[in-house]
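Thanks for coming, everyone. Let me put the sequence and the model on the screen, and then we'll walk through them.

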Amino acid sequence: MTSGLERQSPFPLFGMLERQRPDALLAVIAMHRADPRPDKIDVGVGVYRDANGTTPVMRAVKAAETRLLVEQSSKGYLGAEGDQRFTDLLATVAFGDSTAANPRITGIQTPGGTGALRLGAELIARSGRTPTLWVGAPTWPNHGPIFREAGLTVRAHACFDADPSDIDLAAFLAGIAEAKAGDVLVLHGCCHNPTGAAFSTEQWHRLAMHLATRGIVPLIDLAYQGLGSGLDEDAAGTRTMLAAVPEAMVAYSCNKNFGLYRDRVGALWVQAASPDAALPVRETMLVLARSLWSMPPDHGAATVRLILDDAGLAADWRAELDEMRTRINSLRAALGGSHPMLASIARQQGLFALLPIDRGAVLALRERHGIYMPDSGRINIAGLREETIAPFVEALVPYLPRA
């Protein structure tokens with residue numbers, strides 16, 4: 001006799017689902033963990049690591065969490081907007097005091113930068129328009145899926161010249177020549193993932209004027225503020241863009257610059273064409289957030305709020321962020337100076353760089369030397385230590401193109 005559990009439904013709910021390709025980076029992480037070699041090197045995972053190879057809890061975060069443990073009186077819901085004080089204080093970091101007070105800008109807390117991007121995608125989908133999202137190639141691999149899952153049309157365009165490993169603004173502008181007024185252009189605010197390349201100040205101004213003239217709306221992914229050249233320096237392009245265009249969106253992550261990866265801390269701001277237009281934007285954001293995650297997680301945002309609300313903690317956070325950035329840039333200088341084909345790494349910014357190697361070289365480095373990275377050749381600079389740069393370069397050199 002067949003039990004109910006063994007019966008086959010004539011119309012199985014999940015019978016049409018297809019096998020999915022596993023996330024490539026998660027597969028690399030698993031392979032690295034399983035590798036018993038003591039000298040293995042992980043430059044795949046995109047998190048900051050210190051000189052000991054660990055991802056530390058920042059001093060100011062520990063202090064704020066200790067205070068939160070003592071002072072927090074409730075775990076009750078905050079609402080779909082999350083911790084509004086957190087969002088307002090963070091806006092001053094991202095935009096500066098004057099721009100943060102702009103009545104055309106409204107923002108709410110989100111579960112990390114990914115949540116901010118997805119909320120932005122849903123807001124675009126709810127706009128009543130049918131814009132195309134233009135995304136430079138290469139980009140963070142999750143950009144396309146986030147927007148497509150919201151039902152949006154995504155088009156890739158050129159933005160990067162592998163030789164000399166830099167932004168190609170002419171190709172960038174040519175790549176979005178078919179963009180229409182109301183289309184959305186996704187931009188990395190700083191520390192481009194995966195290339196590390198950055199717009200110059202002049203290029204930011206030119207691009208801002210170009211978008212303003214054509215009515216293209218920027219969606220800026222500001223995920224690494226403070227890890228490139230400094231807090232204000234890394235936000236300068238975003239501030240230039242907001243000053244030039246009537247409408248814009250900024251998705252922000254605190255996961256990297258506060259080291260709150262697993263706490264998922266972020267925000268989405270929208271700059272509307274007028275203060276009156278900002279109100280329905282905010283109301284729609286709250287309705288969408290309610291359906292997506294109901295209420296965002298509080299602990300990490302409350303920690304950031306305590307840090308930014310306390311002059312001493314804020315100063316210590318900035319000091320440690322400076323130390324992190326100095327370490328990253330020191331590793332960049334050492335790696336860039338080790339071989340002519342790596343020289344561009346020294347002038348780039350942030351955690352990531354794109355090595356000029358193919359998938360075969362990536363596999364060989366993994367199998368022969370225990371060096372782990374995605375198949376694209378994107379590396380996390382902070383995954384290196386001073387003592388591992390020499391063996392890393394020695395293993396890499398045979399696979400580099402001749403200068």
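Start with helix α3, residues 84–100, and helix α8, residues 231–244: they pack at about 60°, with axes 9 Å apart. Axes here are lines fitted to C-alpha atoms, for helices over the stretch in contact, and angles run from 0 to 180 degrees between N-to-C directions. Helices (H or I, at least four residues) and strands (E, at least two) are DSSP runs, numbered from the N terminus. That angle makes α3 oblique to α8. The cut-offs: under 35 degrees is roughly parallel, over 145 roughly antiparallel, 65 to 115 roughly perpendicular, and the rest oblique.

Who makes the contact? On α3 it is T92, V93, A94, F95, G96 and T99; on α8 it is L231, A235, T238, R239 and L242. Contact means heavy atoms within 4.5 Å. By class, that is 6 nonpolar, 4 polar and 1 charged residues. Nonpolar covers Ala, Val, Leu, Ile, Met, Phe, Trp, Tyr, Cys and Pro; charged covers Asp, Glu, Lys and Arg; the others, Gly among them, are polar.

A word on the source. This is a predicted model, where local features need pLDDT of at least 70 and side-chain atom pairs count only at pLDDT 80 or more, while totals for chains, interfaces and linings use all residues. Residues are numbered from 1 along each chain as its sequence is written, and side-chain values use heavy atoms, with hydrogens and water left out.

Now the cores. A nonpolar core is a set of buried Ala, Val, Leu, Ile, Met, Phe, Trp, Tyr and Cys residues joined through side-chain atoms within 4.5 Å. Buried means under 20% relative accessible area, exposed over 50%, partly exposed in between, with a 1.4 Å probe and protein chains only. The largest core has 70 residues, and F172, L187, W269 and W317 touch the most other members. Our helix α3 gives the most to this core, with 7 residues. Look at W269. Leaving aside neighbours within four places in sequence, the contacts of W269 include L90, A94, F95, I105, M249 and Y252. There is also a second, separate core of 29 residues, and M249 is one of its members, along with I108, L117 and V270.

Which helix is largely enclosed by the rest of the structure? It is α10, residues 299–308, because 8 of its 10 residues are buried. They are G300, A301, A302, T303, V304, L306, I307 and L308. They pack against α2 (59–71), α3, β2 (105–111), β10 (265–271) and α11 (311–336). A63 sits in helix α2. At 34% relative accessibility, A63 is partly exposed.

V43 is in the loop between β1 (41–42) and α2, and is buried at 0%. Beyond four places in sequence, V43 touches residues including I371, Y372, M373, L384 and F392. Y372 turns up again with H32, which also contacts K40, I41 and D42, sequence neighbours within four places left aside. H32 is in helix α1, residues 24–34, and is buried at 15%.

Cysteines next. How many disulfides are there? The count is 0, taking a disulfide as a pair of cysteine sulfur atoms within 2.5 Å. For C191, the nearest cysteine sulfur, that of C190, is 3.9 Å away. C191 is buried at 1%. C254 is buried too, at 0%. Its closest cysteine sulfur is in C190, 13 Å away, so too far for a bond.

Last, the backbone. Most residues other than glycine have a negative phi, and most peptide bonds are trans. Here are some exceptions. The bond from A137 to P138 is cis, omega near 5°; P138 is in the loop between β3 (132–137) and α5 (143–149). The bond from N193 to P194 is cis as well, omega near 25°; P194 is in the loop between β7 (184–188) and α7 (201–214). R264, not a glycine, has a positive phi of about 55°. R264 lies between β9 (248–253) and β10, in the loop, and is partly exposed at 32%. S294 has a positive phi too, about 65°, in the loop between α9 (275–292) and α10.
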